[in-house]
Amino acid sequence: MILQKKLYEKGIDTISSDSICYPAKMVHGHIINLIEKGVKTIFYPCVIFEEKEDKKAQNQFNCPIVISYPEVIKNNLDILKEKKY
């Protein structure tokens with residue numbers, strides 16, 4: 001199992017914004033780790049909304065980062081283009 005700090009460091013050079021949330025920063029290292037392990041297909045969809053879990057909630061939309069981050073990954077990880085993902 002890879003440690004969280006090592007996973008973060010693995011993708012740090014591909015993070016395009018210092019102000020992005022930590023979970024989004026972790027995605028970069030996670031994707032690189034999957035590629036290094038030989039995973040051939042990575043399904044990472046743009047998810048606009050979720051199931052409404054709380055009746056009092058005003059909506060069930062994800063934050064803009066969750067919605068769009070697969071596109072950020074696609075355009076910022078050169079390894080995806082190199083490995084033809």
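How many helices and how many strands does the protein chain have? I counted 4 helices and 0 strands. I note at the outset that the model is predicted.

**Entry 1: overall layout.** I read the order of elements from the N terminus as α-α-α-α. I then took the extent of the C-alpha trace, which spans about 45 × 25 × 25 Å along its principal axes. For burial, I found that 26% of the 85 residues count as buried. I also looked up the sequence range of the contacts: among those between residues at least 6 apart, 44% join residues at least 24 apart.

**Entry 2: H2 against H3.** I examined helix H2 (residues 22-36) and helix H3 (residues 64-76), whose axes come within 11 Å and cross at roughly 35 degrees. I recorded the crossing as right-handed. On the H2 side, I listed Ala24, Val27, His28 and Ile31 as making the contact, and on the H3 side Ile65, Tyr69 and Ile73. By class, I sorted the residues of this contact into 6 nonpolar, 1 polar and no charged.

**Entry 3: Thr14.** I located Thr14 in the loop between helix H1 (4-11) and H2. Setting aside neighbours within four places in sequence, I listed His28, Ile32, Asn76 and Leu77 as the contacts of Thr14.

**Entry 4: Asn33.** I placed Asn33 in helix H2. I noted its relative accessible area as 9%, so Asn33 is buried. Which residues does Asn33 contact, leaving aside its neighbours within four places in sequence? I found Ile2, Leu7 and Lys10.

**Entry 5: aromatic pairs.** I inspected one of them, Phe49 with Phe61, whose ring centres are 6.1 Å apart. I classed this pair as edge-to-face because the planes stand at 70 degrees, over the 60-degree cut-off. I noted that both Phe49 and Phe61 lie in the loop between H2 and H3, 12 residues apart, and that the pair links distant parts of the chain. I recorded both Phe49 and Phe61 as exposed, whereas Asn33 is buried.

Definitions and conventions
Residues numbered from 1 in each chain as written. Predicted model: local features only at pLDDT ≥ 70, side-chain atom pairs only at ≥ 80, totals over all residues. Heavy atoms only, no water. Axes fitted to C-alpha atoms, helices over the stretch in contact; angles between N-to-C directions. Helix = DSSP H or I, 4+ residues; strand = E, 2+ residues; numbered from the N terminus. Left-handed = near helix turned anticlockwise from the far one by under 90°. Contact = heavy atoms within 4.5 Å. Nonpolar A, V, L, I, M, F, W, Y, C, P; charged D, E, K, R; others polar. Buried < 20%, exposed > 50% of the residue type's maximum accessible area, 1.4 Å probe, protein only. Phe/Tyr/Trp six-rings, centres within 6.5 Å; stacked < 30°, edge-to-face > 60°.
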